Structures are given as structure tokens and as C-alpha cells.
Amino acid sequence: MEMRVALALLVVAVAASQLPSAAEAANYTVGDDKGWNPDVDYTAWVKKHKPFYKGDWLIFEYQTGRADVVQVGEVGYDKCDKAGALSSYSKGTSYAFQLKEAKDYYFICSYGYCYTGMKLHLTAKPSGTSSGKQSGSGSSDGSSSDDDSSSSNDSSDTPSPSSKKAKPKSSSSAAPPSILAATPYAAIAATGAALLHLHRIVL
């Protein structure tokens with residue numbers, strides 16, 4: 001009987017080690033209710049919402065045909081130059097981008113508004129350093145949009161967040177449902193079933 005209890009405890013320990021951290025990613029609508037538009041102070045917006053963490057989502061909301069979202073490097077950001085862009089998106093009315101690495105991110109609007117301040121720079125910190133903020137995980141930059149067509153330069157298949165109008169630092173799960181389905185949360189159910197079975201054997 002003691003052997004069965006020890007085995008049950010071992011199963012619980014192994015399952016618990018496979019579970020993701022309790023921290024979750026947060027959704028941020030860039031520019032809050034002003035969206036991704038000219039005449040918005042995005043430097044102040046970053047200061048208001050930082051720190052950002054690996055796994056968080058940025059949602060860019062804009063008017064079709066009036067703006068685009070171009071991810072560039074630091075030089076492209078400083079010069080408002082989309083040459084050598086890492087990704088570019090202008091379809092639909094919104095674009096979701098996940099901060100999948102702990103690094104600096106740079107975005108501009110290439111329709112000329114960048115020169116008047118329509119650009120965004122933020123730093124994503126490692127998700128392990130978050131304290132009290134919902135954060136998630138990932139490994140490289142990714143993106144998604146509100147329509148099914150892909151961006152002109154971005155071939156990522158990363159799904160969009162569950163809520164396109166998400167509030168900053170949302171306490172609800174901000175990770176896309178398909179990402180949650182792919183995480184080890186299924187191990188919880190399997191562990192519970194195994195423990196129930198072991199409990200029946202012991203009794």
C-alpha cells in the first residue's frame with residue numbers, strides 16, 4: 001500500500017513539473033481608445049503600460065487604407081524607413097502581434113505619419129521576471145490579423161488573441177485559445193484521471 005501511495009505522489013510531482021506557470025499573457029491595444037493613428041503620443045503610451053513581457057500581445061487598430069503596421073529594426077525606426085522591414089501589415093482594420101522574444105521591438109507606419117510620431121518602440125522583458133503581471137511564453141516574433149489573409153511580408157501562423165478589443169493588463173486569459181490548447185493544461189486532466197484510478201486501487 002505504501003508503494004502505491006509513493007507511486008501516486010511521483011505521478012503528481014511529474015505532472016506538476018509539466019504544467020505552465022500561472023502567469024498569463026496580457027493584451028494591449030496600442031494607443032488605447034485612440035488606436036494606431038496619427039497624432040497619438042506612443043512614447044507616453046509605452047510609459048503608461050510598461051513593463052511588457054515576452055508572450056504579451058499588441059493589438060494595432062487602424063482605418064483600412066490609412067495606415068499600416070511595419071516592424072523594423074532600430075535604424076528603420078529612427079529614419080522612418082521600411083526598407084528591410086521584418087514584417088508589414090495593412091489589411092483589415094486590426095493586427096495582432098505577439099512579443100515572442102525578450103527584446104526591443106520597433107514599429108512604424110510607412111504612410112508618412114511616422115515622421116510626425118506614428119511609431120512605437122518598446123522592450124519586452126523575459127516572462128520569468130514578471131511579478132504580479134499576467135505574462136506568457138514564446139520564442140520568436142509572431143503576428144496575426146482580424147482577417148484570414150496573410151500579411152505581405154509575414155508568414156507567421158500564430159493565431160490572434162481571443163479578444164481584439166482587450167483591455168491592457170487584462171486579468172482574463174490573453175493567450176489565443178489555440179495556444180492554450182497546445183499547452184500542457186491537458187496534463188491536469190490526465191493527472192487527475194490517473195490519481196483517481198490509483199485512489200480506487202489503493203482503497
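Reader: Which residues does leucine 120 touch, not counting residues up to four places away in sequence?

Author: This is a predicted model in which local features need pLDDT of at least 70 and side-chain atom pairs count only at pLDDT 80 or more, whereas totals for chains, interfaces and linings use all residues. Residues are numbered from 1 along each chain as its sequence is written, and side-chain values use heavy atoms, with hydrogens and water left out. With contact taken as heavy atoms within 4.5 Å, leucine 120 touches Val30, Trp36, Tyr42, Trp45, Val46, Leu58, Phe60, Tyr77, Tyr105, Tyr106 and Phe107.

Reader: How many residues does the largest nonpolar core have?

Author: A nonpolar core is a set of buried Ala, Val, Leu, Ile, Met, Phe, Trp, Tyr and Cys residues joined through side-chain atoms within 4.5 Å, where buried means under 20% relative accessible area with a 1.4 Å probe and protein chains only. In the largest one, Trp36, Leu58, Phe60, Phe107 and Leu120 have the most contacts, and its residues number 25.

Reader: What is the angle between the ring planes of phenylalanine 60 and tyrosine 95?

Author: Rings of Phe, Tyr and Trp (its six-membered ring) pair if their centres lie within 6.5 Å, with planes under 30 degrees apart counted as stacked, over 60 as edge-to-face and the rest as tilted. The pair of phenylalanine 60 and tyrosine 95 is tilted, being 6.2 Å centre to centre, with planes at 40°.

Reader: Is the pair of tyrosine 89 and tyrosine 95 stacked or tilted?

Author: Tyrosine 89 counts as buried because its relative accessibility is 2%. At 4.8 Å centre to centre and 10° between the planes, its pair with tyrosine 95 is stacked.

Note on methods: Buried means under 20% relative accessible area, exposed over 50%, partly exposed in between (1.4 Å probe, protein chains only).
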